[in-house]
Amino acid sequence: MRTLNFHHLHYFWTVAKEGHLTRAAQKLNVSQSALSSQIKQLEGQLGHDLFHRQGRALLLTDVGHLVLEYAESIFNLGSELLSVMESGEQHRVQQLRVGAVATLSRNFQENFLRPVIGQNNVTLALKSSNFDDLLEQLRVHKLDLVLSNRPVPLDSTTPWRCKRIAQQGVCLVGPNTSALNALRFPQDLGKTKVILPGPESEIRTQFDLYCEQHALTVSPYAEVDDMAMLRLLARDSGAVAVIPEVVVQDEIQAGLLKNYATLETVTESFYAITAKRHVELPILKTLFNLLG
């Protein structure tokens with residue numbers, strides 16, 4: 001009975017992910033000749049070439065693509081096994097590891113996690129980073145969940161599960177002053193300082209379209225990608241901010257800021273992204289069931 005050499009398979013998997021023998025050898029801390037020899041042995045065992053060269057790059061053959069899909073499943077399952085053992089899922093206390101894109105509202109994150117915050121049988125590990133980095137950590141089961149304001153693209157090798165968990169209205173928010181109260185919004189946006197999300201933001205794209213449809217001319221006083229900074233500027237600059245109300249919910253409730261208008265066609269969607277697992281996390285089921 002033939003048995004697969006998983007050491008060789010891991011070398012193949014790394015080369016396929018890197019697309020380059022030199023980078024893969026550096027990552028694995030082995031010589032290029034040793035790495036090439038291991039790949040040749042795997043190809044001999046499988047009876048098929050897995051790569052063909054194009055210049056200095058290594059490209060997968062059709063069989064190589066098939067083997068990569070199996071390798072992804074095998075090593076992701078191994079990562080999940082380690083994750084289960086490390087996170088305490090088999091014990092009474094569970095660890096929930098959540099990643100959130102750096103631009104996501106902290107208030108939204110807290111509202112989403114509120115049902116499990118403070119529970120004695122749950123510990124939380126929260127990480128903020130860019131979207132691609134978080135997906136990679138989710139893929140290898142270093143995270144259990146990613147919260148994002150954009151959906152994940154489909155990936156044939158990684159069966160992401162992406163659920164829209166909320167949609168928030170975007171508002172014109174500013175300090176509650178007599179000068180701003182004397183204006184009509186959104187018609188008078190051009191008469192005051194305006195803080196906008198950055199040009200790469202989906203909110204900004206929708207807002208620009210809204211202005212075009214309503215013949216509004218707005219010159220931004222500031223453009224801010226980070227919602228935490230946008231919240232601070234909305235509170236302290238005296239300008240009107242284009243911002244989801246959830247971001248400044250505490251300031252509005254305290255009377256520091258006022259919602260002057262809701263932009264009916266401008267919204268922000270929030271997504272919960274998970275990777276397919278052999279063992280589903282009960283705590284995630286609880287959170288999703290509460291969302292309905």
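Visitor: Does H8 count as buried or exposed?
Guide: Buried means under 20% relative accessible area, exposed over 50%, and partly exposed in between (1.4 Å probe, protein chains only). H8 has 8% relative accessibility, so H8 counts as buried. Before going on, note that this is a predicted model, in which local features need pLDDT of at least 70, side-chain atom pairs count only at pLDDT 80 or more, and totals for chains, interfaces and linings use all residues. Residues are numbered from 1 along each chain as its sequence is written, and side-chain values use heavy atoms, with hydrogens and water left out.

Visitor: Where is the place of H8, and which residues does H8 touch?
Guide: Helices (H or I, at least four residues) and strands (E, at least two) are DSSP runs, numbered from the N terminus. H8 is in helix 1. Contact means heavy atoms within 4.5 Å. Not counting residues up to four places away in sequence, H8 touches Q38, Q41 and L42.

Visitor: What does UniProt list for residues 4-61?
Guide: An unreviewed UniProt entry gives "domain: HTH lysR-type" for residues 4-61. UniProt positions are given in the numbering used here, feature names are shortened, and annotations may be inferred rather than shown by experiment. In the model, the chain over residues 4-61 is 62% helix and 14% strand. The C-alpha atoms at the ends of residues 4-61 are 20 Å apart.

Visitor: How is a pair of aromatic rings described?
Guide: By the distance of the centres and the angle of the planes. Rings of Phe, Tyr and Trp (its six-membered ring) pair if their centres lie within 6.5 Å; planes under 30 degrees apart count as stacked, over 60 as edge-to-face and the rest as tilted. By this rule there are four aromatic pairs. One of them is F12 with F51, whose centres are 5.4 Å apart and whose planes stand at 50°, so the pair is tilted. F12 belongs to helix 1 (residues 6-18) and F51 to strand 1 (residues 51-54), so the pair ties together parts 39 residues apart in sequence. F12, at 0% relative accessibility, counts as buried, and F51 counts as buried at 12%.

Visitor: Which aromatic pair is stacked, with 20° between the planes?
Guide: F108 and F112 form that pair, at 6.5 Å centre to centre. Both residues lie in helix 5 (residues 106-113), four residues apart, about one turn of the helix. Together with F270, F108 and F112 form one aromatic cluster.

Visitor: Which residue lies over the face of Y221?
Guide: A charge sits over a ring if NZ of Lys or CZ of Arg is within 6 Å of the ring centre and within 35 degrees of the ring normal. K193 lies over the face of Y221, at 4.4 Å from the ring centre.

Visitor: In what order do the strands of the open sheet stand?
Guide: Strands of a sheet pair through backbone hydrogen bonds, either parallel or antiparallel. Two strands pair if DSSP finds at least two bridges between them. Here eight strands form an open sheet in the order 4-3-5-10-6-9-7-8, with mixed pairing. Strand 4 (122-129) and strand 8 (222-224) are at the edges with a single partner strand each, so one side of each has no neighbour in the sheet.

Visitor: Which strands pair with strand 5?
Guide: Strand 3 (residues 94-101) pairs with strand 5 in the parallel sense over three bridges, and V98 stands opposite L145. Strand 10 runs antiparallel to strand 5, also joined by three bridges. There, L147 stands opposite A272, and S148 has Y271 as its bridge partner. Both faces of strand 5 (residues 145-148) are covered: L145 and L147 on one side, V146 and S148 on the other, are all buried.

Visitor: Which residues is G99 in contact with?
Guide: G99 is in strand 3 and is buried, with a relative accessible area of 0%. Leaving aside neighbours within four places in sequence, the contacts of G99 include K127, L134 and, in strand 5, L145, V146 and L147.

Visitor: How many bridges pair strand 6 with strand 10?
Guide: There are 15 bridges, in the antiparallel sense. In strand 10, T274 is the bridge partner of R161. Strand 7 (residues 194-197) and strand 8 run parallel and are joined by three bridges, with E223 in strand 8 as the bridge partner of L196.
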